[in-house]
Amino acid sequence: MTSEVALENVWIRFGDFVAARDINITIRAGEFFSFLGPSGCGKTTLLRAVSGFLEPSEGRVLIGGADMAGIGPNKRPTALIFQNLALFPLMSVWENITFALEVRGVGAARRRKRADELLELIALPGQGDKTVGELSGGQRQRVAIARALAAEPEVLLLDEPLSALDLKLRQRMRTELRDIQRRVGITFIYITHDQGEALTMSDNIAVMREGVIEQVGDGNTLYDRPNTAFVASFVGENNLFRGTVGAAERGAVTVETAAGALRARPATGAALAAGDDAFVFIRPESLRFDDAMEMENRIGAHIQRREFEGSFWQVFLDADGAEQPLKLSMVNDDAAAARRPGQRVTLGFAAELAVATRAGPLAAG
Amino acid sequence: MTPLRHLREFHRRNGAGLSLFLIGATGFWILFMIVLPQLFMADFSFRANVPPPKWGTPEHYYTLEHYRYMIYGGGGEGSFNVIDLRVFFKTIGAAMLVTLFDAALCYPIAWHLAQAARGGWARLMVLALVVPFWVNEILRAFAFHILFGASGVLNSALMAAGVLDEPYDFVRENIALYAGLGYAFILLMIFPIYNAMESLDKNQVEAARDLGASRWRIHRRVVMPHAKPGITSGCTMVFMLTAGALAAPQILGGPGSLWFTQIIYQAFNQAGNWARGSAYAIILLVSCIVLVLALMKAFKVRLGEIAR
Amino acid sequence: MTALLQAAAARAPAARIGMALFVALFFAWLFGPLVLMGITAFNSSAFPRVSPWECFSVEWFEALAGDKALMEGLRNSVVIGLGVVALAVPTGLAGALMLMQVGERARPWYYSVVISPILIPGVVLGISTLVFWDRIGAMFGAGHKTFFYDGVFLTVIGQATFISAYCMLVFISRLQRFNPALHEAALDLGATQLQAFRKVLLPFLKPAIASAAVLAFLASFENYNTTVFTIASESTLTTVLAGKVRYGINPSVSALAVVIAAVTLLFAAVLEVARRRRQRAAAESEKIARGLLRSRTRKKPLLLEPALLMIVTVFVAGAGTAWFAGSIGLEECKAAVLEEKRRDAEERVRTFQQRQMFRRAAPQAN
């Protein structure tokens, strides 16, 4: 069984500090949903409010339509996978996995059987009698998932569960997690500060900053149509031009920047009007050298240096009037090889690929 | 947050059974074992010394006579209770000296244990430090009695060696007592210092040495500041225990010299004067606490760092 | 010790040798008096001494077993020790768990109060316990036969006052290594608060509970300062001992020390062996995790550990040898010593008489 999770006007305060500010969100049943944001943005706090370890100061948490107020974590149809996994070190693997059944009073024989099934599911057959200390990092990870699944939750909550693993393992576990989610078919709520994890696994993502949800959408939408400066700068890489709105029409705005007047598509809900401070974002892969003359936006620049990344090149450019270097990525072909540091070039980009947002806080780094 | 909200949060976190256990056990401990007994004793010390059947009757009135007695004795105004006062100050002073002696003795040992000793050798040393203190306090004092007694080991040895012609009375001169007291609580000096030193990064010492600091300066500027909470903690424990020791003075004390606890003991068990005994106990408690707080203030160590 | 000195000498500086000497002297001071006392237990001399050595004897151990007052005290000590364990371990546990939960502002106050019994002189604790329960007993109009005036009860309460604080410290240091997420994980998986406590926290605390219990028992067993006030008309091993030591010394007290030392050494050995086993198991687990090892080796029961078996054998053999050597030829030896003493005394009498005679004769010579 799987359930929808809804947060209605949720505020969470610790003394004077506001950890979550008027959160309204509905997570559909059976969805893989991620909260993405830098550390301290309040995503873990929200997760704890869903799992029942803390009560919101205001607002309601609904799981499967039922108000969870006053219901402790042990009574909610959720299971949480902790950041440090929190496997019980003094229990064997199979006892860990079937702990949820043990506290419900299920007999040892039936638990053992269920443990073997789950060990099969996580591809660790026959490892039930090991102690937790005898497992490798990836194995522990999978045992933690099995333990949570054994509770037969309607919603599985995951608090940065991959952060302790090394890069290779992390990438493999992404696929595996997504796979498990499809097979068990329950709602997954995933917390991460790693956009790669969020983009590869999730059906929908909520980007959070300082206790506020900035935007909700699938990976494509967040990448192509960011609503705020923060989302544009946090998700993926972006080149930024600061300026003031010169003219705003339907579907396009002109922003006066140090690099000249740039035309861009206004972000949804930005409601830009002439005279507003605005940012223009353009992705590195949307910048062009070759057919620059046909583009609506053109900028003169010098090639500063370039980095070879295998299938493509990263080219860094000093644009006329820009305060920081621009980044351009291009496919590794003969044309790319011809571009040398020091060359004078003209860059161009299409207005519909650029986004103009209201000026606002950016992601760090 | 209101107390009620606190209580509800507490209940939410622990459930009914556990809440009851936690509050019940700590409540009983704090109220009926720590706070109320001390208050009752304080109350008792301010009351007249009357036989038990009259306790609680009007004859059991409040008075300062026991505290006055400690200072002025039974004689008229102007004369002082020389005996009790002298014992009191001798006890405090001797306890301080014993504490200093122990600190000086244990500092190098703790240092050796924390920084020089390694692996199995260090474990063995720790065990060797602990084992003697599993032997009863009284037996330890008894061992010193055997060592220092008139026909004891030390006298026999010294006489056999021709150093002494006749036994030297270590007991009468209180040497046995001070040695015994200095021995009794060594463990409680070593381990706090050791714990503090163990957390010192060895690289700091190496760095200081590398920068040309002398051995003394390394200790003065690097090790001692780091070990300060441990040293203070050890000194506090040893001082309190030494000043409050009863067994060692009873066994090793010379016939003419008393420890303050022995006077309290006599008031209770020989004179049957509970009120005066309580008053003297309060005096001992308060003066020890004042001294220890002064020590902690002087060394800028908080109570939370003691007894770790 | 010599190996240490040599090792230190090899690295030359005088300071190292000085340090090694200091450590050696320190341990000599630590063990010397106890060893000497132990030796006196085997000397047949009626006064505990090493020299003059009379006969190797175990009679003082026999005297120990026959000492009614001591055995009575021992029984009370054990009862009180168990009582203190039963009271102080849960109290200390509650105190430690409470410390984790009291608010930031109240914490220093709370800690000061519960840690204070460690710093309050034992004498004061004994007196306050005595006075308090006496007054409470009077309030309820309880007779002198009730527990308010019972030495064993008062002693358990009085000792538990500060021993609970010891136990609390043991629990605090263990709890600091507890991952609170484990408790939350248990709750999250549907456990009640009590189940989470019983199945997750309590097993984690098990070693601490064991060491707190041992610590509590030992502290109770050896306590004198508090006990001497609260014990009333009863007695414990320490009060009996103190009486013996103060009013008439004989080597049976040394014999008791030997017994206690032997028991504690044996106990220490068991603990050390158990610790090594745990270490070995942990190392094995890590090897398995890294794929260097397939499975655990089967565990032997603790008592069958070769190291432990050896230690026990040495103890038993030592005791047996002592027993044998101490009873064989003891009578002859004692007779010989007595004979020697008699001759000695006679000799002295003779010299005395001679001197007297000489002195008496001298004036005549004048």
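Tutor: Domain bounds here come from an automatic or database domain assignment. The model is predicted: local features need pLDDT of at least 70 and side-chain atom pairs count only at pLDDT 80 or more, while totals for chains, interfaces and linings use all residues. Residues are numbered from 1 along each chain as its sequence is written, with chains lettered from A and ligands numbered from 1 in the order in which they are written.

Student: Got it. What does the domain assignment of chain A give?

Tutor: Domain 1 covers 5–224 and domain 2 covers 229–358 of chain A. Their C-alpha centres are 38 Å apart.

Student: How many residues of domain 1 of chain A are in contact with domain 2 of chain A?

Tutor: Seven residues of domain 1 of chain A meet five of domain 2 of chain A. Contact means that the C-beta atoms, placed from the backbone, lie within 7 Å. On the domain 1 side, β9 (204–209), β10 (212–217) and α8 (219–224) of chain A each bring at least two residues.

Student: And how does that side of domain 1 of chain A split by class?

Tutor: Three residues are nonpolar, two polar and two charged. Nonpolar means Ala, Val, Leu, Ile, Met, Phe, Trp, Tyr, Cys and Pro; charged means Asp, Glu, Lys and Arg; the others, Gly among them, are polar.

Student: Let's do sheets. In what order do the strands β1, β2, β4 and β5 of chain A stand?

Tutor: That open sheet of four strands runs β2-β1-β4-β5 in chain A, with antiparallel pairing. Strands are DSSP E runs of at least two residues and helices are H or I runs of at least four, numbered from the N terminus. Two strands pair if DSSP finds at least two bridges between them.

Student: Which strands are at the edge there?

Tutor: β2 and β5 (66–67) of chain A, each pairing on one side only.

Student: How many bridges join β1(A) to β2(A)?

Tutor: Seven, and the two strands are antiparallel. L7(A), for example, has I25(A) as its bridge partner in β2(A). The two strands make a hairpin with two residues between them, and G15(A) in the turn has a positive phi of about 60 degrees.

Student: What about β1(A) with β4(A)?

Tutor: They share five antiparallel bridges, and E8(A) sits opposite R60(A) of β4(A). Further along, β4(A) and β5(A) pair over two bridges, also in the antiparallel sense, with D67(A) as the partner of L62(A).

Student: Last topic, chain C. How many residues of it are in contact with chain A?

Tutor: 20 residues of chain C are in contact with 23 of chain A. α8(C) gives the most to the chain C side, seven residues. That side has twelve nonpolar, five polar and three charged residues.

Student: And how many residues do chain C and chain B bring to their contact?

Tutor: Chain C brings 75 and chain B brings 66. Helix α2 (residues 14–40) of chain C has the largest share of the chain C side, 13 residues. By class, the chain C side has 54 nonpolar, 17 polar and four charged residues.

Notes:
Contact = placed C-beta atoms within 7 Å.
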